[in-house]
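Hi,

Here's the structure I promised to pass along.

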Amino acid sequence: MLKRNLWKLILSFTIMLWAVLSLVPVRDRDVPTYIGDQVETKNADFQKLLADARARFEAKKAPSVFVALRDLANERRIDLAKEYFPGVKLESSLTNVVKKNTLLLEHLMAKSKGRLQLGLDLKGGVAFTLAVDEQAAGALGEREREEKLSKAIEIIGDRINGLGVAEPLIRAVGANRIEVQLPGVNTRDNPDVLDAVQKPARLSFHLVDPFNRPATAAPGDIPAGYEIKSQEQDLRDGRTVTQEYFVKRLWEMTGKHVSNAYATMDEMGRFRIILKFDAEGRKQFAETTREVAKLTQEVVQRTGNPEARAQLAILLDGRLYSAPGVKEEINSDTAEITGQFSQREAVDLANVLNNPLDLPLVVQEQYEVGPSLAQDAIDSGVRASVIGTALVAAFMITYYTIGGGIALVALAFNVALILACMASIGATLTLPGLAGIVLTLGMAVDANILIFERMRDELGLGKSLTAAHNAGYDRAFTTILDAHITQLAICAVMIGLGSGPIKGFGVTLAIGVFSTLFSVLIFGHLVLDWLITGGILKRLPMMSPIRIGNVDFVKLGKPAFIISWVLVLSSAVFVFNKGDRIYGVDFLGGDIATLNFSKRLDTAEIRSVAEKAGTGEVTPTYVAAIGGVGGETLRLETAVGKSGPLVAALQKAHPEAKFEQIGINSIGATIGSEVKTNALVALSISMVIILLYVALRFEWGFGFGAVVASIHDILLTIGIFVLFGHQFSAPMVAAILAIAGYSINDTVVVFDRIREEMKLNATANLRDIINDSLRRVFSRSILTSVTTLLAAIALFVSGTGVMRDIAFTFIIGIITGTFSSVFIAAPVFYWWHKGDRDKVDHEEARPVYGWEVGGKIAGAKPVGADKQA
């Protein structure tokens, strides 16, 4: 057993160790204290420096001890890495003390943070408002300004949320401002956090005067059409020298036609940025360098120096980064920007070059925001998650006893993998995200239930526990793989076409799919195999399966199909008539009122007042100015036209708080029309992929049945969700997409059983095969639905706000998904072939996967293939 499973044991242990290390530390640690604890040499000297930094902060000469420490080290020209942290490896090419200190302290600060950061709803963060630079954008028309502002919001989102998992809040405020809220960040320790967001990233190439230099020119003697630009260069001894050039004001070409930019290292280990041009950019670059090369010839003739070169300056946002000499025309689709870059600077610059801003933005205000959820709401959400998990665990242990316990161990492994992967990619954990993980557990149980039910079948044939275990895994393997591959296909579409929360959901769902496959097919199998072959587990007791009797599912399919689609069409009409009223503030925008107060109210009480006043959705947030200047204010985010009535209701309900409205603004949608369009496109393409995959893996009748069932589930869930008065928010988009994944998973399991029964029962007619298959998977479908419903109901009953909305969506989706796999997908398959088995293309052999399952190659002839029909 050990020899056969050694690779699984080593792999499982390695991944679990990685998961634990990826989640440590769990909580943030005080940054200065942590840095002081990490000192390797000259501890007394560093503690004195740290004490000086604390004194500077207490004297209010720095926003934080961290910044004071950095500034003191730079002022005193102390190389912190060399003096106190020689074990921390920095880039060998760096000699600039300021840059080295910045990199070192940022590295130590990142190490002090908890690996999995909490979102704005749980922890709050930093916020800032960016305003349009009127001096630079004054000539823009209103429509052009609006378009560029929307584009700027999209670009900022791409810069700070490339994978869609960071959970920032980015939206328009009024007609010329953008608000950005970043979770788990503060500007006291991160004063440069705005740089990567607001940089326009205007790249331009300029001619350098080849015959004059500022160093040799008379003061004020600047050639017409030129300006002085300086370039810093770091020497090996750590000193920085400045080289000045006369650079032409008008550019020769811009970065408009840069198709891609990325950071890389040269042969000397120095970082640079490679620019890739499109076809037009290559043409312009060739023309530009041709003209500079002509100047080089003139310089050589004048100076008599064959090594002399005319230079082409490369500027980014007006700053000179490099001025390479040009010997001849460069007809290439690449160029490079060299300079004194650290790795982080090179990566950040490449990022902004890939997402340049057309609209110049300036920082108007900065402030820190508290959690958008009250502590009691957070506590109730966590409590609901614990209850949901406990209910799933209790059900599995009650129904499958020892097998259920093993499944729970695999689930714990699964959760650790999901959280570790989220931490590794910089994901932020929000309360809706926590709800999603709990619901993922409910769905992940399905793979274990499939295996246990298959083992029950094999044990019923009189096989030993070892043989039943191997055969159960063998038979369930392709079913589990097919179901998860279809989900991965949906994930790929979301990641490829989606943005923001759509892309983020695709990433996290893909993580969940891979972690479930590993935890069940590798880790869970390893544990169960060890218990059985080691003689520890002699039998696998289970409760009796759920029997349905001789129900004619095919006969019931037609009336069930008609009734169900009448409900779908009716709900679609209802949703259409509701119009934009189905959307919440995330989609439509709203109002944001700012209030002064003398007594702080709990945000739960504010929500209670809003509910009684009938003002609808409200997000109350307490805002503190950076440095504490100006005190604390309360911001109320409501639907359009609802902020006034809410303020009045608060003033009436709590006169002791002395609420005074000091401002009101309109806020834009955090989910723009492009995100909505991408979501619809992603869903549409997902349906096509499902059709093609299921058709190729099974056959076309199965494919159309799967698509019809998925569309049915999504439309019916949306209709019932709206019918009960709920509105769509950002997390709800992810919840609807999750329903599509759940639906196809259930359908594939049913179809896999039908396909298997067709192979095992060569003479049975199609109607009998479908009915017999549905009876056999009925117990599994109910059990899977019950486990996921238990988690969803717990979240709905004990949770609050958006957590309840997500749970409600899942409750409806689980019920419709289970129903459709039996009464929609299977009947459509039957009708597609007009009830004639001969029309079913079942000649395709079962695929062979190069994966060892139970000591056999998956896809080998199933154990018990001679079973009687």
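**What I found**

Helices here are DSSP runs of H or I with at least four residues, strands are E runs of at least two, and both are numbered from the N terminus. Just after H4, Arg-77 has a positive phi of about 55°.

Before you read on: this is a predicted model, where local features need pLDDT of at least 70 and side-chain atom pairs count only at pLDDT 80 or more, while totals for chains, interfaces and linings use all residues. Residues are numbered from 1 along each chain as its sequence is written, and side-chain values use heavy atoms, leaving out hydrogens and water.

Next, strand E17 (residues 590-596): 6 of its 7 residues are buried, so the rest of the structure largely encloses it. E17 runs antiparallel to strand E20 (residues 660-667), joined by 7 bridges, and Thr-594 sits opposite Gly-663 in E20. Strand E19 (residues 632-638) also pairs with E17 (pairing takes at least two DSSP bridges), in the antiparallel sense over 5 bridges. There, Asp-591 is opposite Thr-638.

Cheers

Definitions and conventions. Buried means under 20% relative accessible area, exposed over 50%, partly exposed in between (1.4 Å probe, protein chains only).
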